[in-house]
Structures are given as structure tokens and as C-alpha cells.
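Student: I have a model open on my screen and would like to understand the terms used for it. Could we go through them together?

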Amino acid sequence: MEANTRSTGRLPAAFLTPGSSSFMDFLSEHQPEILPGNRQLPPTQGVIEAPHGTTIVAVTFPGGVVLAGDRRATMGNVIAQRDIEKVFPADEYSAVGIAGTAGLAVEMVKLFQLELEHFEKVEGAQLSLEGKANRLSTMIRSNLGMAMQGLAVVPLFAGYDTGRDSGRIFSYDVTGGRSEETNFAATGSGSIFARGAMKKLFRDDLTEEEATTLVVQALYDAADDDSATGGPDVARRIYPIVTVITEDGFRRLTDEESSEIARSILARRLEQPDGPRASLL
Amino acid sequence: MSTPFYVSPQQQMADRAEYARKGIARGRSLVVLQFADGIVFVGENPSRALHKFSEIYDRIGFAAAGKYNEYENLRIGGVRYADLRGYTYDRDDVTARGLANVYAQTLGTIFSSAGEKPYEVELVVAEVGETREGDQLYRLPHDGSIVDEHGSVAVGGNAEQISSYLDQRHQDGMTLAEALKLAVQALSRDTNGTEREIPAERLEVAVLDRTRPQKRKFKRIGGRQLARLLGAEGDGGEEDSASEDAE
């Protein structure tokens with residue numbers, strides 16, 4: 001095709017045509033075949049076996065939001081990967097965590113990051129948090145065909161809204177339906193257990209440190225009851241990925257920081273296996 | 001119907017070149033120079049929103065003099081080229097050299113095709129390396145040639161005079177403040193040799209700073225940080241780089 005970037009010739013006309021600031025729009029006009037949503041799927045029977053990511057949790061605190069995920073990917077009853085990364089920065093002020101088919105999800109995140117960066121470079125301004133959340137919705141919707149075949153991707157999107165000075169969380173379903181969550185949210189197979197833990201532990205005056213501890217507690221409870229979610233792996237030094245987004249932007253906790261949180265929780269659980277208790281009334 | 005006049009190819013090209021050069025000369029010149037921690041872009045630009053400098057990719061910056069709509073078009077083309085290439089291969093496979101080649105081909109084809117008017121633009125594509133030796137500076141005049149520059153480069157109408165001024169004074173390993181002040185001095189000299197004052201708010205400044213922890217090294221400098229860098233008289237030292245990220 002005349003339209004490829006491999007040649008070192010003149011930029012094809014599509015590159016110099018004024019138009020959308022969206023990278024996906026540009027691709028769909030210029031090289032639609034490389035967009036994940038346009039991939040032709042052969043008819044298949046049954047569910048395609050591919051590694052799945054599991055639990056992602058998020059919680060807001062005054063001035064920001066924490067997004068965290070466990071490290072396990074499973075394929076059926078087998079652990080496919082013990083140290084997978086499922087939480088990524090989307091841009092300076094937002095992050096995305098993914099549950100579902102790992103390969104597709106990682107590709108979707110890559111395209112999403114690029115979409116935000118491309119807009120920022122072309123326009124010279126960032127998209128609003130709402131705009132970013134909607135863009136992600138569109139991407140999930142374009143994956144619906146694959147979701148029907150069992151290759152679903154369900155992200156959790158969290159960001160700092162500079163206009164409102166607060167952290168916000170958006171959850172999605174496989175059809176791209178988007179809903180804003182208040183206080184906390186979880187997605188993936190262990191999410192029901194994580195949500196239960198967060199519901200009991202959440203307060204609206206958490207500090208950043210407390211919020212990071214809370215998400216690791218929730219992931220621990222998810223791993224406790226869901227076999228597809230991995231708990232902190234002390235022997236291999238694999239700890240959950242915890243990210244914090246505030247006015248200062250995106251920050252991922254170092255391995256030392258997250259190991260410290262995980263180890264202190266583990267120490268407490270040796271005494272009290274079910275974790276902290278909320279009062280009855 | 002009258003028969004068209006014969007115009008020799010030499011004459012035709014000379015006319016087109018003159019047309020492009022005149023267009024470029026209408027705008028203000030700008031300079032790009034290496035300093036200890038990267039590459040700094042300095043130009044006079046009264047507009048806050050219409051930039052002469054911008055980010056193309058992680059380590060690659062773009063500067064342009066001439067007709068805004070034409071270089072803006074090329075800039076967006078470059079962003080699309082870089083993003084597509086990084087998406088299909090890897091982020092490390094996007095290089096200033098590759099981008100400069102594409103721009104050169106594009107400008108060259110437009111310049112020599114009889115059906116199109118030549119672009120009245122002159123570009124600089126710069127990439128900051130891990131070390132000073134890895135920095136790359138390419139100047140791309142309107143006709144599609146590429147010039148591989150070192151140390152400092154000026155583009156625009158008054159470029160020759162400014163470059164010779166810079167060539168004499170630019171040194172390796174200047175601090176950001178020193179490089180910035182040299183750039184402003186070079187830009188403030190008019191064609192007839194007189195100097196005029198360019199106030200800080202009319203300056204557009206950006207850097208590709210290799211010491212930035214982020215993978216995207218491009219950063220605009222304005223407001224207080226710019227005033228501080230310009231104000232630091234000769235003694236230098238404390239404003240070593242853009243590391244104090246004070247907006």
C-alpha cells in the first residue's frame with residue numbers, strides 16, 4: 001500500500017490532511033487493519049483459552065485516588081504468570097487497570113495511552129478526565145465482537161480531575177457501558193470479595209497511606225477467597241502494584257513501599273486471618 | 001490562445017526558492033542550541049497559544065519558522081508518523097533521523113513539483129540523547145535538503161547573521177541559563193546591528209531535558225522559571241537545569 005510508514009518517502013496525504021486530533025480516527029482512515037476492533041475473527045467453537053488477569057481495585061481519598069492490582073494471570077486452572085502487570089499509567093493524571101484477557105487488554109492500554117498522548121501533542125492541551133473516560137468506553141465497545149467469544153476486557157479507570165480537585169473512578173462493562181463509582185470500586189473475578197473488604201474498611205477521611213493499605217487489604221481478601229487472584233508472594237518478592245494519583249500526578253509505589261505494606265498486613269493476618277473487623281454498629 | 005513563455009528550469013527553481021525565502025523571512029528567527037543537560041529552543045513569539053516549538057515524541061522536538069499553517073501541518077504529520085511508527089514497532093524505533101528524512105522528502109517533493117507552491121517554512125528536528133554526544137540537530141530548509149548541525153542552529157529570515165553570532169560564542173557544556181541568555185542576545189540583534197530588548201513574555205522557550213525522569217523529555221519553560229533563568233546574572237551555578245519544576 002502507498003500508505004505505510006516503512007517507506008522513507010514523502011508523508012502520505014493522509015498525514016498532512018487536517019482533521020481529528022484522535023490517533024484512532026487517523027488509524028481508522030489510514031491503516032484500519034491495525035486497529036484491534038477491525039480484526040476479522042474466524043468462527044470458533046467454545047471459549048478461546050488465553051491468559052486472564054483478575055482483580056483490580058480502586059479507592060478515592062481526599063485529594064486523590066489509589067488504583068491497585070494483584071499480579072496473577074490464569075489460564076483455566078493454571079497460573080499463567082505470577083508477576084503480570086495490570087495497572088498502567090494512562091497519562092500524567094490518570095491510570096488504568098485491566099481485568100480480562102491479558103493480551104488484548106495490554107494492547108488496549110497501549111492504544112489508549114497513545115490516544116491520550118497524541119491528543120495532547122496535537123492540541124497542546126490535555127483531554128478532560130470525562131473525555132478520557134469516554135474514549136476508553138469507545139475502545140471497549142469496539143472489542144465487543146471478541147468479548148462475545150470470551151475475550152472480554154474490563155478495565156477500571158481512575159484519575160485526578162484537575163477541575164474538581166478530586167480523584168474519580170470509572171468502571172466499565174463489556175459493552176463499553178461506563179459508570180462513575182463513588183468512593184471505591186473493583187473489577188475482575190476477585191472483585192466481589194475485594195468490594196466487601198473495601199465496603200467495611202472505607203472511610204471518607206482516609207490519608208494516602210491509609211488508602212494504599214486499604215487496597216492491599218482488599219486484594220488480600222480477594223486472593224483469600226478467589227483462586228484466580230494472587231496474594232502477596234513473599235518468597236518470590238512479588239507484591240501488588242499500587243499506584244497513587246494526586247495533584248502531583250501519577251506515582252507508582254516502589255517495590256520497597258508495597259512490600260512494606262504487604263508484609264505488615266501479612267504479619268497482622270498471622271494473628272487474625274480474616275483481617276481487621278468493623279464494629280457491629 | 002497564446003504560447004507560454006519558455007522558462008529555464010534553473011530560473012524556475014531560483015524563482016521558487018526566492019519566493020519561499022521571502023515568505024520565511026517575514027517571520028521572526030528562532031534558535032536551537034545544545035546545553036549541558038539537553039537542547040533548548042528559544043524564539044520570539046507574542047502568541048501564547050500558537051507555538052513554534054513542540055513535542056513530536058519522547059526525545060524528539062520540533063521547531064519551525066515561516067508560515068504557520070504550513071508548518072503546523074507538517075508538525076501534525078510528524079506526530080502522526082512518530083506515533084504510528086512507535087505503535088507498529090517500538091518507541092525506541094522512532095528517531096529524529098527518520099523523521100528528518102521524511103520531512104526532507106516531503107518538502108523536496110513539494111518544492112520541485114510544478115503543481116504545488118513551495119512551502120515557506122524552515123524546520124529544525126532535534127533529538128536529545130542519553131549523553132551530549134548522542135544529541136542530534138537537523139535543519140531542514142524549504143527545498144528539502146537536510147543539514148546535520150552541531151552546537152547551535154538558527155532558522156528564519158535573519159538566520160545567517162544569528163548563526164555566525166552563535167557559532168562564535170556557543171560552547172559545549174553551557175548551563176541552561178547561559179545557553180538561554182546567549183540565545184536571547186543573538187535574537188535581539190537586528191539586521192543593521194542595533195540591539196533591541198525582547199521582554200520575557202514575548203519569548204517562547206522549551207527544552208528537551210535528558211535529566212527528566214519521565215520518558216517524555218520535552219518541556220515548556222515559562223513564567224517564573226523563565227524569569228529566574230533569565231535573571232540569574234552570569235554567576236550561574238544554582239540554576240543548573242530545569243530540574244526545579246516550578247511551572
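This is a predicted model: local features need pLDDT of at least 70, side-chain atom pairs count only at pLDDT 80 or more; totals for chains, interfaces and linings use all residues.

Student: Why are α2(B) and α3(B) called oblique to each other?

Tutor: The axes of α2 (residues 68–88) and α3 (residues 96–112) of chain B cross at roughly 135° and come within 11 Å. Angles over 145 degrees count as roughly antiparallel and 65 to 115 as roughly perpendicular, and the rest here falls to oblique. The pair is therefore oblique, and the crossing is right-handed.

Student: Which residues of α2(B) and α3(B) meet?

Tutor: From α2(B) come B:L74, B:R75, B:G78 and B:Y81, and they meet B:G98, B:L99, B:V102, B:Y103, B:T106 and B:L107 of α3(B). By class, that contact has six nonpolar, three polar and one charged residues.

Student: What makes up the contact between α4(B) and α5(B)?

Tutor: Those helices, residues 159–169 and 176–187 of chain B, pack at about 145° with axes 9 Å apart. B:I162, B:Y165, B:L166 and B:R169 of α4(B) make the contact with B:L182, B:Q185, B:A186 and B:L187 of α5(B). Six of these residues are nonpolar, one is polar and one charged.

Student: What makes B:R91 and A:E117 a salt bridge?

Tutor: Their side chains meet at 3.0 Å, N to O, and the cut-off is 4 Å between a side-chain nitrogen of Lys or Arg and a carboxyl oxygen of Asp or Glu, so the pair qualifies. Across the interface of chain A and chain B, the rule finds four salt bridges.

Student: How much area do chain A and chain B bury between them?

Tutor: About 2,600 Å², with 56% of it on carbon and sulfur atoms. Chain A gives 30 residues to the contact and chain B gives 31.

Key. Residues are numbered from 1 along each chain as its sequence is written. Chains are lettered from A and ligands numbered from 1 in the order in which they are written. Side-chain values use heavy atoms; hydrogens and water are left out. Axes are lines fitted to C-alpha atoms, for helices over the stretch in contact, and angles run from 0 to 180 degrees between N-to-C directions. Helices (H or I, at least four residues) and strands (E, at least two) are DSSP runs, numbered from the N terminus. Angles under 35 degrees count as roughly parallel, over 145 as roughly antiparallel, 65 to 115 as roughly perpendicular and the rest as oblique. A crossing is left-handed if the near helix is turned anticlockwise from the far one by less than a right angle, and right-handed if clockwise. Contact means heavy atoms within 4.5 Å. Ala, Val, Leu, Ile, Met, Phe, Trp, Tyr, Cys and Pro count as nonpolar, Asp, Glu, Lys and Arg as charged, and the others, Gly among them, as polar. Buried area is the accessible area (1.4 Å probe) that two parts lose on being put together, summed over both.
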